[in-house]
Structures are given as structure tokens and as C-alpha cells.
Amino acid sequence: MLSPVILVPALLNGLMTGAIYALIALGLTLIYGVLHIINFAHGTLLTAAMFAAFFAYALLGLDPYLAGLIIAPLFFLIGYGLQRFIIGPTAHGEDRNYLLVTLGLAIIIENLLLYVFRADTRTINLPYAFDVIEIGTAFLAVPRVIAFVAVLVVASALWIFMQWTDTGKAIRAVAKEKLGAELVGIDVAHIHAVTFGLGTACVAIAACLLIPTYYVNPTAGDAFVLIAFTIVVLGGMGSILGALVGGLFVGVVESFSSMFLGQSLGQIGIFVMFIVILLVRPSGMFGQQA
Amino acid sequence: MAEMLLRIYAISKRFGGLLAVDKASFNVRPGRITALIGPNGAGKTTLFAIISGFLTPDEGRIVYDGADITGAAPHMLARRGIARTFQIVQPFAGLTVRENIAVGAHLARPNRVDALAAAGEVAYAVGLGTQLEQSAATLTVAGRKRLELARALATKPRLVLLDEVLAGLNPSEIRDMVPVIRKIADWGVTILMIEHVMQAVMTLAEQVLVLAEGRIIAEGSPQQVAADRQVIEAYLGHGAAARMISGAGHG
Amino acid sequence: MKTYLPIFVVVAVLALVPFVTASNVVLNFLVVTLLIALAGQGWNLLGGYGGQYSFGHAAFFGTGAYVTAILQVQYGINAWFGLLIGIAAGALVGIVIGALSFRWGLRGSYFSLVTLAFAEVLRIVASVAPITGAGVGTLIKLDLRPEAFQFQSRAPFYWIALGLVGLSLIVVRGIENSRFGAYLVAIRENEDAARALGVDTFSVKLAAMIVSAAITAAAGCFYAQYFLFLDAAIAYGTWISIDALLAPIVGGVGTLFGPLLGALIIKMLGESTKLVTGGAPGLDLAIYGLLLIAVVGLAPRGIAGLLSALVPRRFRPPSDPEHHHG
């Protein structure tokens with residue numbers, strides 16, 4: 001059971017799954033790091049993006065990776081709008097209200113999807129979905145390898161954006177010291193909305209990377225969200241590196257624990273880890289103090 | 001000589017690389033008003049947080065009424081008779097003035113009716129009697145400072161730590177607040193106050209402690225401390241004392 | 001000091017309903033409404049009065065439901081005892097979650113997250129554990145005798161639900177009039193200031209959690225007896241976590257009658273939506289989400305808040321909170 005022939009593929013598969021988790025968590029941690037809100041609508045936005053990717057292929061024949069070029073900016077705008085015109089104004093800046101409003105959004109989005117698309121599970125059939133790349137004894141599905149690489153690219157791009165562009169610096173400024181940023185003339189409401197938009201764009205990309213190998217139904221995103229939360233607390237609220245490392249870590253943990261314990265207990269393992277981290281060190285490995 | 005109510009032995013507190021409090025030691029006599037002064041950033045509020053249990057010191061001991069209370073939790077200290085106000089006022093904004101004070105009054109009075117009634121008495125004593133049924137959120141800064149005071153007093157403390165209770169008040173509000181503080185001391189409550197308003201320190205305090213860069217640099221009556229070279233330099237900079245003296249010589 | 005009179009008036013008036021109508025539809029609707037109200041009463045104590053927003057009250061509801069059901073089905077224990085034990089079990093879960101969360105000082109969003117996680121863990125466990133029937137669920141055998149806590153007609157169920165809600169109202173009012181209640185509200189408003197005034201915040205929050213859990217567990221026990229079927233998604237599903245918080249927030253968070261008022265509103269909204277859309281799943285819940293956002297944005301103190309804003313100042317009771325702070 002413990003031979004490398006089995007462990008190495010489990011490890012690699014865990015890393016590839018973890019990469020997608022990391023990207024979803026990246027969006028969440030970005031939003032938390034800057035707005036200091038826990039975005040409960042994150043999962044449903046993922047689901048919505050998955051539906052978009054699904055229909056892009058089913059109706060328009062668009063390859064998901066190409067569709068991503070349209071869906072990602074589209075969801076950036078959606079996220080921007082949500083924060084600028086709904087979440088920001090209704091929450092009046094209070095933590096508890098943000099929780100409730102994002103929860104409300106989550107309920108709306110999920111149930112609208114349910115109403116419009118029913119509960120059926122759908123999948124797409126890409127011609128190359130079952131192609132594999134051989135690495136040693138491991139057979140890795142091509143879409144998953146593409147996803148892994150794409151996540152690394154996106155994470156790097158995001159990091160560069162945050163370090164070198166004016167907007168990125170403005171975002172970091174607002175994250176560190178909102179009042180100060182306001183005083184130097186940064187439009188905080190705009191930056192908040194941009195950040196939310198970026199976080200949403202992250203899940204949109206993740207959706208496009210997922211759809212070749214994963215199914216979509218109105219509750220598909222939920223499974224990922226609590227995992228994303230776990231990663232965010234593990235890797236640290238607000239840390240891009242933490243989301244990446246944490247995501248890969250969780251992916252590997254899940255892969256191994258599913259192998260030894262089975263699917264459901266594997267899930268429980270993640271939640272238990274989540275609870276333990278929250279209790280012991282909510283600021284995570286790399287994160288800011290709570 | 002009366003037994004010391006509060007003894008601070010070599011308290012130190014570090015935040016990362018910053019040594020906020022550096023082996024501070026002093027005593028507070030019961031029934032008197034003691035002022036803790038010093039330039040900004042000297043560590044005064046940190047010291048208060050340590051004494052009231054919100055922070056634990058890295059070194060040192062605190063002895064209150066003969067018992068070692070180092071590291072005890074804030075609510076336990078409140079029950080032992082140590083009350084504090086906060087530098088940035090913390091009213092229970094959603095409650096009325098009476099309900100605010102009643103939270104403090106409940107410490108000694110389990111019954112709701114008693115606590116609400118006692119709250120009324122305390123409110124009148126600090127000058128908030130006419131605003132009892134108002135929401136705490138509608139009070140002015142001066143009103144909120146009085147509320148802070150009233151809430152702390154309602155717990156029937158023996159020692160009250162006042163953290164810049166006069167900050168943000170205009171001169172006439174300060175003039176109105178000083179007698180209130182004196183009245184509390186007249187009741188027998190020991191007061192340790194952090195204060196920047198020197199006029200109040202000079203008139204109210206019987207004992208003054210000066211904290212600079214985390215260390216106690218002077219201790220004595222207000223007049224003694226005002227003339228102390230080290231104190232002058234802590235506030236006005238190195239060599240200021242000498243300049244003042246030579247300047248006085250010329251005038 | 002607040003009087004208990006309004007509680008007796010409201011309960012007495014509501015008790016008359018089965019005499020006014022024999023319609024099963026109406027009674028069923030009201031029973032479910034009272035069920036949600038009861039679950040919401042529990043949430044409201046911890047969240048509305050205490051300021052700790054739990055997103056996982058399903059943990060208590062489901063525990064009450066499953067314990068009652070399993071005791072009857074597997075061990076033949078009388079349903080009324082099952083109710084008591086179910087409530088105790090819910091309280092026990094409350095102790096565990098509360099002790100862990102509050103001992104480690106979890107506040108705000110972190111607390112909400114951890115309660116969500118606990119509820120999810122219970123749901124997953126219930127979905128695979130043999131004792132709950134796993135995927136198939138648990139079915140309580142039909143035994144229409146009062147001794148078995150089952151009744152031919154809806155009216156007795158209605159009165160029992162009403163009785164439970166009435167009891168919870170009395171408990172909450174009692175807390176409002178006590179030192180414990182004053183301390184709880186102080187913690188909501190400003191936890192550090194409360195500590196400085198001698199409030200043992202850990203103990204107070206834990207006690208509030210226990211009572212909150214017990215009340216919501218009672219709702220779960222009742223659910224089991226009324227519907228006679230449970231599975232993990234019903235017992236520990238997010239639907240009840242959401243309803244339990246939605247009702248008080250819509251009705252008036254931190255007020256006595258908020259959960260009851262809110263439950264009525266959201267159920268009526270849900271039913272009307274179903275009528276209009278013809279029962280397709282999802283739209284009624286989407287409306288709930290919209291309602292939540294609307295309330296938070298426009299009427300943070302809920303319907304009770306809107307109503308009390310209409311009452312002239314002179315008529316307000318002496319300790320009417322004018323300003324709800326998050």
C-alpha cells in the first residue's frame with residue numbers, strides 16, 4: 001500500500017487538485033486580506049462560472065480554456081459590480097453585516113441557478129479530456145496538468161500585479177491601512193470593488209480549469225468553498241503565497257486521506273483540520289494577525 | 001505609614017523589538033490621587049493594560065492589597081476592586097446611559113432592579129442624571145467620558161485607573177470634570193490617573209509618577225516633579241533643563 | 001423590568017387558531033412557522049442578544065432530531081423522554097462547540113466559520129454513520145397515540161409547538177430581566193469593556209450557547225415527531241442554519257418577538273412565491289436571500305425595528321434600544 005508506485009501518483013494528483021483549490025482560495029484570501037470580509041458568496045460564484053463555462057462549450061462549442069479569456073473578465077466585472085453596488089453599500093462597514101450580505105448573495109445565486117437550470121448534473125465531453133501524460137508510473141490527465149500550470153501562471157501574474165502596478169500597490173495600501181490610503185487620495189470603494197472583482201475572476205478561471213474534468217450542478221461550488229476556507233485559514237488570511245502552499249498541501253492531504261480512509265472521512269479530516277487551525281492559530285502560517 | 005494598595009515590581013513588557021515598559025516599579029498609596037505622566041509613547045497605557053489584566057507582563061510582579069495579581073484576568077480584577085476606564089471611550093452604544101452603568105452596577109448587585117436603581121444614583125453623582133434614558137450613542141465626548149467614569153464607579157471599586165479621562169475635552173468641560181474626580185477621591189476611592197492635562201495634574205494629584213521610554217524617571221509631589229531636570233528633559237529634549245536654567249538667569 | 005404580559009396575550013390569541021379554522025393547510029403552515037420560530041429563538045439568544053453569529057445552528061437542530069428519532073427507533077424509548085434527552089443532547093453539543101470556540105477566543109467571522117464547520121462535520125458523519133440510516137435516513141414508525149407524541153390531527157401538534165415557543169419566550173424574557181442578560185448584551189456591544197466591568201465573558205457566552213442550543217434542539221426534536229422522517233441533509237442541512245438566523249434578523253435581531261415575527265414573514269413570503277412560480281424549487285429561497293440583503297441594508301433592526309420606529313417616543317418603554325450596533 002505504501003509503495004512509491006502508489007504514493008507518487010497520489011502525490012501528483014493531490015498537487016494538481018490542490019492547485020485548483022489554491023486558485024479558489026487565492027480569490028478568497030485576496031478579498032479577505034483587503035476588505036477583511038469573509039466572502040460567503042465565493043462558492044456560488046464558482047458554480048455560476050462553471051455554468052458559464054459549461055454553456056460556452058455546450059452552446060457555442062468554445063473550448064473552456066479559450067472561454068476563460070471571456071469568462072474571467074466578465075466575472076471580474078460581476079464581482080466589481082457586486083461589491084461596488086450591493087455589498088459595500090448595504091453592509092455599512094460592519095463585519096456582521098458583510099457576513100449576512102454575502103450569505104444572502106450566496107443564497108440568491110445558488111437558488112437562481114437551481115431555479116433556472118434545475119438540479120441536474122451536467123458534464124462536458126472534451127475530446128482530449130482523457131489524454132494522459134506519463135511521468136514515471138503516474139498517468140496524469142492532460143486537463144489537470146494544464147490546470148496545474150495555469151494556476152501557477154495566474155498566481156505569479158497576480159503577484160507581479162500586486163507588486164509592480166499602481167493598482168496593485170493601491171490594493172496593498174488599502175489592505176494595510178485603509179484610512180491612510182484614503183487620506184492620500186486612493187478611492188477605497190473602487191479598490192475594494194477591484195479586489196472583489198479579482199477574487200471573482202480567480203474563481204472564474206478555476207471554473208474553466210475544472211469543467212473539463214468535473215461536473216456542474218447548482219451546488220457544485222459548495223464542496224470547494226469550505227475547502228477554500230480551510231486553506232485560507234491554514235495559509236493565512238491575506239497571503240497569496242499561503243493560499244498557494246496551503247492549497248497544494250490540502251490537495252495532497254485529501255489525496256492521501258481519501259486513499260486510506262475513503263471519500264467521506266477524507267472530507268471530515270479536512271473539516272477537523274479546519275476547526276483545529278481556527279482554534280489554535282487563526283492567522284495561519286503566513287497570515288496577518290486576526 | 002499606610003499600607004500600599006498597589007505595588008508594581010520591575011514590570012517589563014516587550015512588543016516584538018519594542019520594549020514598551022522597562023522594569024517599572026512604583027507604589028500607590030490608598031485613598032490618594034496618584035498621577036502617571038510622561039511624554040507620548042512612554043508606555044503609560046501599556047502599564048494600565050497590564051495592571052488591569054488585559055496584558056501579561058514579560059517580567060515583574062503586581063501586588064494589590066497584599067495579594068499577587070500578576071496575570072490575573074480583567075474580570076477577576078474588577079471583582080477584586082480594580083476598575084479602569086479606556087483612553088478611547090468604549091460605551092455600550094446600543095444601550096441607554098442607565099443600562100450602561102447598570103452593567104457595572106451588577107458586579108455588586110445581582111438583582112436587575114437594584115442595579116438599574118444604583119445606576120441612576122451613580123449617574124447623578126457624575127452629572128449624567130438628566131440623560132439616564134438617552135442612548136449612549138447620543139452623548140457628547142464629555143458625556144461619554146462621564147459614562148466611562150460612571151460605569152467604572154458602579155462596580156464599587158477600591159482602585160480606579162483613569163486613562164486620560166480629560167483628553168478631548170475643552171477647558172470648560174475640564175473645569176467641570178475635575179470636581180467629579182475629586183469627589184470620587186473624597187469617597188475613599190484610590191485613583192491612579194494617566195493625564196496630559198497638566199493643570200489638572202497639578203491641582204488634583206498628591207503624588208506624581210513620571211514614565212519615559214518605559215521607565216519611571218521621577219516620583220514625588222507635583223511641585224517636586226515639575227522642577228526635576230530629568231522630567232524637563234524627557235518632555236523638552238536633552239539639554240533643555242540647562243537651557244531653561246541659563247535662560248532664567250538672563251531674564 | 002419587562003413584563004411577561006405580552007407573551008401570554010400573544011400565546012393566548014394564537015392558541016385560538018385551531019378553533020377558528022380546521023384547514024390542515026393553514027395549521028401545517030403555522031406548525032412549520034412555529035418550528036422555525038423556535039429554532040430562531042435559540043439562534044437569537046446567542047446571536048441577537050449575545051452578538052455571536054452562528055452559521056451552524058443545524059448542529060443543534062439535527063442533534064435533537066436524531067437523538068429523539070434514534071432513541072425511539074433503535075431503543076424503543078418513549079418519545080416524550082426522547083424530547084427531553086434530545087434537548088439535553090443538543091445542549092451537550094452546545095457545550096462542546098462553545099467551550100472550544102470561546103476558550104480560544106474566537107470572535108466575529110471566525111466564530112461563524114467554525115460553527116459552519118462543526119455543522120458540516122455532523123452532517124457528513126450522519127450521512128455515513130449506520131446508526132442514522134446513513135443515506136437512506138431514519139423513519140419513525142407511525143403510532144398515532146398521544147403517549148407516543150403523535151396525533152391524528154394537527155391541532156395538538158400546533159398547541160405543543162406553540163407551547164414550546166411560549167416557553168422559549170418566557171425564558172428569553174427572564175434572561176432579559178436578569179444580570180446574565182445584561183452581561184450578554186454588554187458582551188455584544190463591547191466585549192473588552194464588559195470584561196473590565198467584571199463580566200466573565202467566557203462563562204456568559206458559554207451559558208448563552210447552551211441555552212441557545214437547547215432551544216434549537218427542541219425544535220429539532222419536534223421536527224422529528226411531526227415529519228417522522230430524517231436524513232442528514234434535513235437534520236444537519238444548511239437550510240435550517242439559514243432559517244434559524246434569517247427569522248430573527250428579518251423579525252428584529254435581539255428582540256423578544258423578532259424570531260416569531262420573522263418566521264411568519266419568511267414563511268408567508270416563501271408560500272406566496274411558490275404560488276406565483278408554481279412550485280419550481282429555488283425561487284422561494286432566492287427571495288430569502290434577497291430579503292436578507294434588503295433587511296441588512298435597509299432595516300438592520302428588522303421588522304420590529306421598523307415598527308418601533310413608528311411608535312412615538314413617549315410610549316416607548318424606558319429601556320428601548322434606539323440604536324443597534326453590530
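Which residues of H5(B) are buried? In this predicted model, the buried residues of H5(B) are Gly143(B), Arg144(B), Lys145(B), Arg146(B), Leu147(B), Glu148(B), Leu149(B), Ala150(B), Arg151(B), Ala152(B), Leu153(B) and Ala154(B). Chain C is in contact with chain A and with chain B, whereas chain A and chain B do not touch.

**Contacts between chains**

- Two pairs of chains touch, and the pair with the most contacts is that of chains A and C.

**The side of chain C that touches chain A**

- Here 33 residues of chain C are in contact with 34 residues of chain A.
- Helix H6 (108-128), H12 and helix H14 (283-298) of chain C are the elements that give two or more residues to this side.
- The most is given by H6(C), with 13 residues.
- By class, this side of chain C holds 25 nonpolar residues, seven polar residues and one charged residue.

**The side of chain C that touches chain B**

- In this case 26 residues of chain C are in contact with 28 residues of chain B.
- Helix H8 (179-189) and helix H9 (191-196) of chain C each supply at least two residues of this side.
- H8(C) accounts for the largest share, six residues.
- The residues on this side of chain C comprise twelve nonpolar, eight polar and six charged.

**Helix H5 of chain B**

- Helix H5(B) covers residues 141-154, and its 14 residues should span 20 Å at 1.5 Å a residue; the end C-alpha atoms are 20 Å apart, which agrees.
- The helix is mostly covered, with twelve of its 14 residues buried.
- Among the elements of chain B that cover the buried residues of H5(B) are strand S6 (82-84), helix H3 (97-105), helix H4 (112-126), strand S7 (159-163) and helix H6 (171-186).
- Just after H5(B), Lys156(B) has a positive phi of about 55 degrees.

**Packing of H4(B) against H5(B)**

- The axes of H4(B) and H5(B) are 9 Å apart, and the two helices pack at an angle of about 130 degrees.
- H4(B) and H5(B) are therefore oblique to each other.
- The crossing in which H4(B) passes H5(B) is right-handed.
- H4(B) brings Ala118(B), Ala119(B), Val122(B), Ala123(B) and Val126(B) to the contact, and H5(B) brings Arg146(B), Leu149(B), Ala150(B), Leu153(B) and Ala154(B).
- In the contact of H4(B) with H5(B), nine residues are nonpolar, none is polar and one is charged.

**Packing of H4(C) against H10(C)**

- Helix H4 (residues 58-75) and helix H10 (residues 201-227) of chain C pack at an angle of about 45 degrees, with axes 6 Å apart.
- H4(C) and H10(C) are therefore oblique to each other.
- H4(C) passes H10(C) in a crossing that is right-handed.
- On the H4(C) side, the residues that meet H10(C) are Phe60(C), Phe61(C), Gly62(C), Thr63(C), Gly64(C), Ala65(C), Thr68(C) and Ala69(C).
- Their counterparts in H10(C) include Ala213(C), Thr216(C), Ala217(C), Gly220(C), Cys221(C) and Tyr223(C).
- By class, the contact of H4(C) with H10(C) has eleven nonpolar residues, seven polar residues and no charged residues.

**Helix H12 of chain C**

- H12(C), residues 238-252, has 15 residues and reaches 21 Å from its first C-alpha to its last, close to the 21 Å expected at 1.5 Å a residue.
- This helix is mostly covered, since 14 of its 15 residues are buried.
- Gly254(C), whose phi is positive and near 80 degrees, follows H12(C).

**Lys205 of chain C**

- Lys205(C) lies in helix H10 of chain C.
- It has 26 C-beta neighbours inside 10 Å and therefore counts as buried.
- With its neighbours within four places in sequence left aside, Lys205(C) is in contact with Gly50(C), Gln52(C), Gly98(C), Phe102(C) and Ile187(C).
- Lys205(C) and Ser23(C) are separated by 182 residues in sequence and, C-alpha to C-alpha, by 42 Å in space.

Key: Residues numbered from 1 in each chain as written. Chains lettered and ligands numbered in written order. Predicted model: local features only at pLDDT ≥ 70, side-chain atom pairs only at ≥ 80, totals over all residues. Axes fitted to C-alpha atoms, helices over the stretch in contact; angles between N-to-C directions. Helix = DSSP H or I, 4+ residues; strand = E, 2+ residues; numbered from the N terminus. Parallel < 35°, antiparallel > 145°, perpendicular 65-115°, else oblique. Left-handed = near helix turned anticlockwise from the far one by under 90°. Contact = placed C-beta atoms within 7 Å. Nonpolar A, V, L, I, M, F, W, Y, C, P; charged D, E, K, R; others polar. Expected span 1.5 Å × (residues − 1). Buried ≥ 20, exposed ≤ 12 C-beta atoms within 10 Å, placed from the backbone.
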